[in-house]
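Please consider the following note on the structure shown below. The points are numbered and may be read alongside the model.

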Amino acid sequence: MGDVTTINQSAAKAAKEELVHPLYVRITHWINALAILIMIGSGWQIYNASPLFPFSFPPSVTLGGWLAGGIMWHLAGMWVLVINGIVYLTLGLATGRFQRKLMPIWPRDIGRDLAAAVTGRLSYKDPSRYNAVQKLLYAGILLTGVVIVLSGLAMWKPVQLWELTLLFGGYEGARLVHFFAMSAIVLFLIIHIIMALLVPKSLRAMVKGQ
Amino acid sequence: MRRKNLNVDAPVLIKDAAKLLPNPSRRLFLRGGASLGALTLLTGCDIVDGPTSERALRVISEFNDWVQARLFNPNRLAQTYAESAITRPFRFNGYYDESEAPDVDEDTYRLQLDGLIDKKQAWTLDQLYALPQETQITRLICVEGWSAIGKWTGVPLGDFLRRIGADLTAKYVHFACAEGYSVSIDMPTALHPQTQMAFKFDGETLPTKFGFPMRIRIPTKLGFKNPKHVVGMAVLNNYTGGYWEDKGYNWFSGL
């Protein structure tokens, strides 16, 4: 019996070590996914009230019905996004996960892996290890997340947080940065979702952990 | 909206100022909104734009009022700009067409006062114009997202409130406008040094489209919190909302 227990324990331990994504990553990932959808849909609604560029988003992909509803969603989703983001970033830094998973990123490796990905020779066998392109995209999207939150705060409180707003070149500057950060996130999402569908085990890992 | 000379009498103002929370039927502003949004795919439309989600969103919007009131620093000034930065032509914006802006007769105009104020006699335009005025060039930021820099000249609202013996510990100052618009603001913002009763725009008497004869200019709040054609002012402790706030815009809407 003793042997069996030991074996079971070590098997459980091995399984735990094989976890691609610990529980906190999976929970914060899916909360973030929901928050991002809310922020993009409502953000597009707000954009449409006074478009920065000569186009609008189709109303069918916006959230809130009209401007007031869009703002309500945006400034409610903001709390979910920011609180969840702080939990994720804190745990990611404290556990050393970011450093372990995302560092180092060498330009040479990016070139190599990008070429391999385009020619279909990149291996996705081990979802616990990121290739250089993944590292770059994930590190980039974390940074974009910080930028979009800060530029959003700069637009929301250009008087109370004027130093922050100044950092983005004033209110109109923050508005532009916010828009381009959104564009970067949408671009990332398209690649991210296509890759998750092409490599289903990566999606499974984000649900089940392995 | 109605194009006529307005002479607002006190009872109307009291009725307006005493208005409490908006009619519940007006709360369902999201219902019937054409869009369901991307979330519909995940959660079903009732959660997205039905009355349940709207109630939840209203609660969070009130929480955001609370957060903003705490974030508001009464000594922090909005950035001021040089003459060269002024946006010309300055954009008209309103819930009515520019041609429908109300014409207020300057001779019969009276600023009516109500609520927690010692000296409630109405003010004529000449009496208001005689008060010490200040000029400031600030950015007006619209709830829609656009912004424009303009120059307003007027009487600091805080000075006026002290002069008329308003209860400065009251929670709200409510404004009633000639054509029916209304808005209420928090007392700390009313007392902010840059909040003014503006009588001039860009050095000229306030034109009709920008709120003749008086606009409340608040550089620390979104544009819709800057009422035009103001004919009544009340100092209150009860929440009275406002034209857009009742339709769903965040009440505090501070910058």
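1. In this predicted model, chain B contains 8 helices and 9 strands. Of the 255 residues in chain B, 44% are buried. Among the contacts in chain B that link residues at least 6 apart in sequence, 71% are between residues at least 24 apart.

2. The two chains meet at an interface in which 34 residues of chain B are in contact with 30 residues of chain A. On the chain B side, the elements that each supply two or more residues are helix H4 (45–49), helix H5 (51–71) and strand S2 (134–141). The largest share, 5 residues, is given by H5(B). Sorted by class, this side of chain B comprises 17 nonpolar, 12 polar and 5 charged residues.

3. In chain A, attention may be given to helix H3, which covers residues 67–94 and has 28 residues. From its first C-alpha to its last, helix H3 of chain A reaches 39 Å, close to the 40 Å expected at 1.5 Å a residue. Just after H3(A), the residue A:Gly96 adopts a positive phi of about 80 degrees.

4. A:Phe179 and A:Leu52 are 127 residues apart along the chain, and their C-alpha atoms are separated by 8.6 Å.

Notes: Residues numbered from 1 in each chain as written. Chains lettered and ligands numbered in written order. Predicted model: local features only at pLDDT ≥ 70, side-chain atom pairs only at ≥ 80, totals over all residues. Helix = DSSP H or I, 4+ residues; strand = E, 2+ residues; numbered from the N terminus. Expected span 1.5 Å × (residues − 1). Contact = placed C-beta atoms within 7 Å. Nonpolar A, V, L, I, M, F, W, Y, C, P; charged D, E, K, R; others polar. Buried ≥ 20, exposed ≤ 12 C-beta atoms within 10 Å, placed from the backbone.
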